[in-house]
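This briefing summarises one protein chain for computational work.

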Amino acid sequence: MKNLAASLLLLTSVIAAPVNAAKADFEQRIKIDSDRQAADLKNKIASYLDNVKITQGSLVINADIVQVFGEKDSDVKVYLAKGNPATFEQLLDDGNMINLQADEIRYEPGKNMITISGHALLRQQDSQVSGSRITYNTLTEQLSAESDKNERVTTILEPEIKDKNKDQN
């Protein structure tokens, strides 16, 4: 029971607390590079195809295809990235990188939400969480992970490596 409590505490400190999205990133412009693009201007849908890379500050999304959906009479956009896998990475305020990968990444900057689904994997430092779907709110810094029926969410926590030089003094 003591090990379970320690593991949960470590999970909270390693995965949840440090996931402070670099808030300055969300004030930066969004740049999309791809080999090809197509647009349905009437319905406010843009499609970016082949070797797609989205950047916003330190935030980087790589995918095979990205569709951007705009809401009518609004500047609100939803970015839907698909790949084998699609990836997301960002330098956090604490200097650590967060890496996400999945079959699909749904990025909603206006709602401060990132949802990854289909073989979803979150890595930070040496720890990771995997499941069918992982949702992260960049404003509240809350994370949730879930899996489909008959599957489980898996968390792997690596032990902290103590500095040997520090222990010898």
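Predicted model: local features only at pLDDT ≥ 70, side-chain atom pairs only at ≥ 80, totals over all residues.

Gln 56 stands opposite Leu 59, a residue of strand E4.

- Strand E3 (residues 45-56) and strand E4 (residues 59-70) run antiparallel and are joined by 10 bridges.
- The hairpin of E3 and E4 has two residues between the strands, and Gly 57 takes a positive phi near 65° there.
- E4 is also joined to strand E5 (residues 77-91), again in the antiparallel sense, by nine bridges.
- Across this second pairing, Gly 70 stands opposite Lys 77 in E5.
- Six residues lie between the strands in the hairpin of E4 and E5, where Asp 73 adopts a positive phi near 55°.

- Nine bridges pair strand E6 (residues 97-108) with strand E7 (residues 113-124), and the sense is antiparallel.
- Within this pairing, Gln 101 faces Leu 121 of E7 as its opposite residue.
- The hairpin of E6 and E7 places four residues between the strands, and Asn 112 has a positive phi near 60° in it.
- E7 and strand E8 (residues 127-137) run antiparallel, with 10 bridges between them.
- Met 113 has Asn 137 in E8 as its bridge partner.
- In the hairpin of E7 and E8, with two residues between the strands, the positive phi belongs to Gln 125 and lies near 50°.

**Two buried serines**

- Ser 47 is part of strand E3; its relative accessibility is 13%, so this serine counts as buried.
- The side chains of Ser 47 and Gln 67 form a polar contact of 3.3 Å.
- With neighbours within four places in sequence set aside, Ser 47 is in contact with Arg 36, Gln 37, Ala 38, Val 66 and Gln 67.
- Ser 132 belongs to strand E8 and is buried, because its relative accessible area is 10%, where the cut-off for buried is under 20%.
- A polar contact of 3.4 Å links the side chain of Ser 132 to that of Glu 151.
- Beyond neighbours within four places in sequence, the residues in contact with Ser 132 include Ile 116, Ser 117, Gly 118, His 119 and Ala 120, and also Glu 146, Ser 147, Asp 148 and Glu 151.

**Nonpolar core**

- In soluble globular proteins, nonpolar side chains tend to be buried together.
- The largest nonpolar core comprises 25 residues, and Val 66 and Ile 116 have the most contacts inside it.
- The elements that contribute two or more residues to this core are E3, E4, E5, E6, E7 and E8.
- Val 66 touches Ala 46, Ser 47, Tyr 48, Val 52, Ile 54, Leu 80 and Ala 81, when residues up to four places away in sequence are not counted.

**Aromatic pair**

- One aromatic pair is found in a search of the whole structure.
- Its rings are those of Tyr 79 and Tyr 107, with centres 5.8 Å apart and planes at 35°, so the pair is tilted.
- The pair links distant parts of the chain, since Tyr 79 lies in strand E5 and Tyr 107 in strand E6, 28 residues apart.
- Both partners are buried: Tyr 79 has a relative accessible area of 8%, and Tyr 107 has a relative accessibility of 2%.

**Loop residue and chain totals**

- Ala 24 sits in the loop between helix H1 (2-16) and strand E1 (31-33).
- With 46% relative accessibility, Ala 24 counts as partly exposed.
- The C-alpha atoms of Ala 24 and Asp 93 are 9.0 Å apart in space, although the two residues are 69 apart in sequence.
- Of the 169 residues in the chain, 31% are buried.
- The chain exposes about 10700 Å², of which carbon and sulfur atoms supply 47%.
- Among contacts between residues at least 6 apart in sequence, 42% join residues at least 24 apart.

Definitions and conventions. Residues numbered from 1 in each chain as written. Heavy atoms only, no water. Pairing = 2+ DSSP bridges. Buried < 20%, exposed > 50% of the residue type's maximum accessible area, 1.4 Å probe, protein only. Polar contact = N/O pair within 3.5 Å; in protein donor to acceptor, adjacent residues only side chain to side chain. Contact = heavy atoms within 4.5 Å. Core = buried A, V, L, I, M, F, W, Y, C linked by side-chain atoms within 4.5 Å. Areas by Shrake-Rupley, 256 points an atom, 1.4 Å probe, with all protein chains shown as cover. Phe/Tyr/Trp six-rings, centres within 6.5 Å; stacked < 30°, edge-to-face > 60°.
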